[in-house]
Amino acid sequence: RDGLIFVKENNAKDGFVLDTEDSSLTRSHKYFMHLFEERLGWEVVKHRTQLLGSDSALRVAGAVLRAEGPIGLYRGSAATLVRNVVYNGVQWTSFATTRAALAAAIDGCHGARGRKPKGDMALLDLAAGMAAGVATAVCTQPIDCVNTRLQTQGLIEGGAARYTGMVDCWRRTVAHEGSGALFRGLAPRALTFSVGGAFFFFAYEACYARVRRHLHEHRPQVG
């Protein structure tokens, strides 16, 4: 029950594969390419579309390319990468920690009866996923605020860029508006992440259990 929690990223060529050494799921090579080639550039388009109220993301992307060139799509990419690293670390660690604590509590209630009811396990996954979502939102909110400001600067201030980079944006925001400005919009973001985390980890644990059961049932017989 006591031990260390390790957070790691595996990389498989295709699909999601079970690592038989530690029973963890790998992420596909395609997924990592999606992070670096698509999500960074479209992050800029998403924020500007939301701010400008445009009905076409492609129209916004075209405007960015004409005005700033391809590099414009990657404005704030350093902040995006930092946010995603923190996001994954906090999300998976907080889920594992919360799930272990809740499982221990359920063991205390059902220890005399042996196996935990499936309904309890489903609620455990949903609750732990919700807690992980809230923790992730809180821990990544400041850098997400910086990321959004970097990617949308110049749209309101007459086209002039206010910040030279991630550190400069963080410093100026705190100096002029206080540290609380970095947490603006936390409530709706935490609500979104909590619901998303609950269903994501519920589905993840269900798929993970099925994969492990399938591998156990089709384990090659030795001898």
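**Rings and charged pairs**

Modeller: Phe200 counts as partly exposed, at 40% relative accessibility, where buried means under 20% relative accessible area, exposed over 50% and partly exposed in between, with a 1.4 Å probe and protein chains only. Before going further, please keep in mind that this is a predicted model, in which local features need pLDDT of at least 70 and side-chain atom pairs count only at pLDDT 80 or more, while totals for chains, interfaces and linings use all residues. Residues are numbered from 1 along each chain as its sequence is written, and side-chain values use heavy atoms, leaving out hydrogens and water.

The pLDDT, which is the predictor's confidence in each residue from 0 to 100, has a mean of 75 over the chain, with 63% of residues at 70 or more. Confidence is highest in helix H5 (residues 166–177), at a mean of 92, and lowest in strand E1 (residues 11–12), at 51; helices (H or I, at least four residues) and strands (E, at least two) are DSSP runs, numbered from the N terminus. Where pLDDT is low, the predicted coordinates should not be read in detail.

Turning to the rings, the whole structure holds nine aromatic pairs, counted when the centres of Phe, Tyr or Trp rings (the six-membered ring of Trp) lie within 6.5 Å, with planes under 30 degrees apart called stacked, over 60 edge-to-face and the rest tilted. Trp92 is itself partly exposed, at 21% relative accessibility.

Within helix H6, Phe201 and Tyr204 are three residues apart, about one helical turn. Phe201 is buried at 0% relative accessible area, and Tyr204 is buried as well, at 19%. Ring pairs link Trp92, Phe95, Phe200, Phe201, Tyr204 and Tyr208 into a cluster. The buried residues of H6 include Arg189, Phe201, Tyr204 and Tyr208.

The bridge between Asp144 and Arg83 has its closest N and O atoms 2.6 Å apart, and it links distant parts of the chain, with Asp144 in helix H4 (residues 118–152) and Arg83 in helix H3, 61 residues apart. Asp144 is buried at 12% relative accessibility, and Arg83 is buried at 7%.

Another salt bridge joins the side chains of Asp125 and Arg99, at 2.7 Å from N to O. Asp125 sits in helix H4 and Arg99 in helix H3, so this pair ties together parts that are 26 residues apart in sequence. Here Asp125 is buried, at 7% relative accessibility, whereas Arg99 is partly exposed, at 22%.

Key: Salt bridge = Lys/Arg side-chain N within 4 Å of Asp/Glu carboxyl O.
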